[in-house]
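Visitor: Hi, could you walk me through this one?
Guide: Happy to, here it is.

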Amino acid sequence: MIVTRSWLNEFVDLRSVSNEKLYETFNAIGLEVDSLKQTVIPPKVVIGKILTCEKHPDADKLNVCTIDVGEGIRQIVCGAANVVDAQYVAVATIGAELPGGLVIKPAKLRGVESEGMVCSASELGLPQMGEGIMILDESIGTLKVGEELGSFATVADTIIELELTANRGDCLSIYGVARDLSVALELDMKPFEYKKKEKMQLGIAREAEIHTQGEMDADLHFKLATLEHLSNSFLLQLRLAIVEIKTEDKLANILAYATHTTGVVLRAYNSRVFRNTDNKISVRPVAKTKGIIEITGNNEVFSVAGVYQQKETIASDETKELLLEASYIHPDVLVDAVAGTSLKTDELYYKTSRGSNPDLVFGLSFLASLMNTLTDIACYEGSLTVEVARENDTVVVSTKEISAIIGMDIEIGKIVTILQKLGFGISAMGHDVVAARIPLFRHDIKHIQDIAEEIVRIIGINNITAKPLVFAEQPRLNDTTQWYQAKKEFKNRAVGVSFYENVSYVFTPKALVEKYHFTVVKEELDLINPIAEELNTLRSTILINLLTAVKRNVSYTKKSIPLFEMGAVFGSKREQKEVMAFVFSGQIEAESVKNAGKPKMIDFASFVQKVSAVIGVFELVPCTYDNGLIHPYQSANIVVNNVVCGFVSKLHPSVQEFFDIPVTYIAEVDFEAFLPKHINAKPISNFQGVYKDLSVVIDKDLGYFEVAKVLNRLVLPMLKECYPIDIYEDEKLGQKKSLTIRCFIQSMDKTLEEGDIESVMSAIMSALEKECNAELR
């Protein structure tokens with residue numbers, strides 16, 4: 001963003017501010033100065049008034065001018081074609097040294113004496129302003145013949161190039177930069193006043209109408225005007241050259257100048273394109289989608305608000321009737337909308353996408369004052385408007401919080417003053433607390449931290465008292481840390497019993513999820529753009545990913561593949577939970593001398609023991625899960641605290657064949673079910689306990705699960721634990737089998753006596769005889 005000192009001075013009085021102070025202030029408020037250059041016009045370059053201009057007698061392309069330079073009349077030969085149109089010009093008199101080292105001396109050109117040189121912009125070190133010499137006018141100040149050109153502050157200006165961050169679209173205008181500068185320097189902004197001098201009293205409604213279609217996202221103001229004569233000022237052309245804006249004609253110059261000055265996006269249409277069959281101007285803004293507002297007329301699209309304008313609708317210097325447009329659309333809405341289209345954009349889109357000035361009345365008023373000076377224009381009374389009902393975002397600001405963020409106590413009065421000067425609305429909410437309404441031109445302000453940054457910018461980072469860093473650690477133990485610690489502990493346990501951790505995406509092949517009858521995410525909630533063709537849905541089980549990993553390891557000739565993974569799985573409505581899954585495939589241990597190079601394959605009991613070593617004690621009950629991975633005969637529910645939280649199973653033979661892997665066992669459990677819970681301490685006995693074995697004969701088809709239910713229902717304080725240690729079947733037993741149960745008996749009050757032990761064992765046997773038809777072996 002390029003600004004000049006004199007341009008900024010039109011909105012804030014900088015006469016008492018040095019260039020060094022400007023440089024320091026811009027950098028302090030976050031508008032980093034990329035370059036600062038003071039334009040120096042050489043001495044003895046003065047204002048000259050052309051009295052006569054005649055053709056050179058011996059050269060077609062030269063003119064002989066008599067010019068009043070204040071200290072006398074000089075004859076100067078000039079080769080610029082536009083000198084014939086000039087009255088006031090910049091004259092380098094005898095002795096002047098121009099940039100590049102050229103010293104002006106008396107000369108004779110094709111036989112005619114010349115005492116000086118009429119200068120172009122580039123010859124004086126100014127930006128190129130087109131072909132020919134500079135034609136001066138009083139836009140730079142009152143012209144006095146013989147006065148040094150370098151005495152005009154608008155010409156010998158300070159040019160400042162600012163490096164703006166992407167969020168500071170509000171400073172893409174002279175007015176926006178001046179606003180920030182005035183707050184930092186504690187100077188008042190100069191009020192802009194424009195008193196309309198209407199030359200036409202007809203109302204705009206006589207000639208024009210506006211009809212909207214759809215929900216509008218853009219504010220639009222249209223003014224209708226007639227134009228008879230058009231000119232540009234020297235200052236306008238010089239400043240546009242300084243900020244490197246090039247346009248096609250004078251009207252475009254004026255619009256570009258007004259836009260760069262105010263930050264309001266301005267366009268001009270040839271009103272003829274909007275006239276309908278009734279010869280009335282009919283403007284129809286149409287909301288195509290959110291953020292895309294087409295400006296149409298006669299069923300044709302002439303522009304998209306803030307994006308582009310059709311070339312054939314653009315007003316030119318020859319246009320006699322103009323329809324002027326000022327527009328504003330929220331940049332976030334516009335950028336998102338344009339990103340989803342193939343719309344072309346023009347040079348104004350850069351401003352609208354970064355954040356233009358929403359004060360459309362100010363932009364049109366400034367344009368009107370400029371055109372009244374430079375043109376013979378007559379505006380119709382009134383305007384065609386579209387206004388969007390917007391609510392300004394509000395941030396609650398407290399002195400305590402701002403001071404804590406900045407690291408220095410800031411009074412509420414100081415905070416309020418700074419924010420108000422920056423354009424924020426302020427409402428009191430209580431002691432040292434206010435609500436700050438964010439202005440539309442600061443769409444980047446979202447949080448209290450952004451407000452603190454604004455305060456720091458204006459106060460100045462160098463003015464904040466340096467303090468040693470104080471880091472007060474707060475208690476960090478919460479549910480999240482406990483969850484993390486638990487996951488870490490379970491992973492360590494799994495590694496400790498020979499499992500390897502597998503890490504996979506939360507995506508999985510949808511075809512396999514459906515094939516093995518797992519829950520599938522609803523279609524309307526499923527992935528739109530999968531990262532890979534085969535990973536096209538969210539997983540509802542980790543086991544499919546683990547089996548894929550097993551297959552890959554088998555292809556690498558691995559013979560023992562114990563894997564586990566912890567992670568998220570998803571339900572049909574994308575509800576999420578954490579699970580831990582295990583897979584053990586192939587040999588139970590590595591080949592070694594101990595097993596003569598022929599280790600056993602993994603079996604159900606060994607797998608369950610390894611899983612238990614990771615997640616802790618659990619019960620196994622008949623399996624109620626229904627999916628295609630579970631073996632119909634070797635599977636069970638995992639029960640923790642009387643709640644079913646997962647399953648363990650041998651892999652179904654058809655799945656084993658599909659993946660082409662060896663004997664495999666699988667398990668998947670809800671992680672939350674076996675998280676460590678707070679457990680109250682239980683007393684332990686000081687007296688010795690005893691182990692007693694009980695061998696019974698029961699029906700061959702009766703599982704230990706049914707026996708265990710009977711034992712668990714017994715209320716025997718001295719019976720601490722029961723578990724099976726042997727199951728024996730023999731032809732002699734027929735349809736019966738032998739079951740040996742080991743019992744641990746202990747008293748909390750005394751040393752056990754034989755009668756106590758016999759009493760417990762008798763109670764156990766009685767229950768088994770009654771409930772399980774057991775017989776003592």
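Below we chat about a surface patch, the domains and some loop residues.

Guide: This is a predicted model, where local features need pLDDT of at least 70, side-chain atom pairs count only at pLDDT 80 or more, and totals for chains, interfaces and linings use all residues. Residues are numbered from 1 along each chain as its sequence is written, and side-chain values use heavy atoms, with hydrogens and water left out.

Visitor: Which residues form the negative surface patch?
Guide: Glu 32, Asp 34, Glu 161, Glu 163 and Glu 244. Patch residues have over 30% relative accessible area and no salt bridge, with like charges joined within 9 Å; a salt bridge puts a side-chain nitrogen of Lys or Arg within 4 Å of a carboxyl oxygen of Asp or Glu.

Visitor: Which strands supply at least two residues each?
Guide: β2 (32-38) and β11 (158-163); strands are DSSP runs of E, at least two residues, and helices are runs of H or I, at least four.

Visitor: And where is Glu 244?
Guide: Glu 244 sits in the loop between α4 (234-242) and α5 (250-262). Its phi is positive, about 65°, although Glu 244 is not a glycine.

Visitor: Is Glu 244 buried or exposed?
Guide: Exposed, at 65% relative accessible area. Buried means under 20%, exposed over 50% and partly exposed in between, with a 1.4 Å probe and protein chains only.

Visitor: New topic: what separates the centres of domain 1 and domain 6?
Guide: 92 Å, taken over C-alpha atoms. Domain 1 covers 2-39 + 159-184 and domain 6 covers 690-776, with bounds from an automatic or database domain assignment.

Terms used. Patch = residues over 30% accessible without salt bridge, like charges linked within 9 Å, V, L, I, M, F, W, Y side chains within 5 Å. Areas by Shrake-Rupley, 256 points an atom, 1.4 Å probe, with all protein chains shown as cover. Lys, Arg positive; Asp, Glu negative; His and termini not counted. Charge placed at Lys NZ, Arg CZ, Asp CG, Glu CD.
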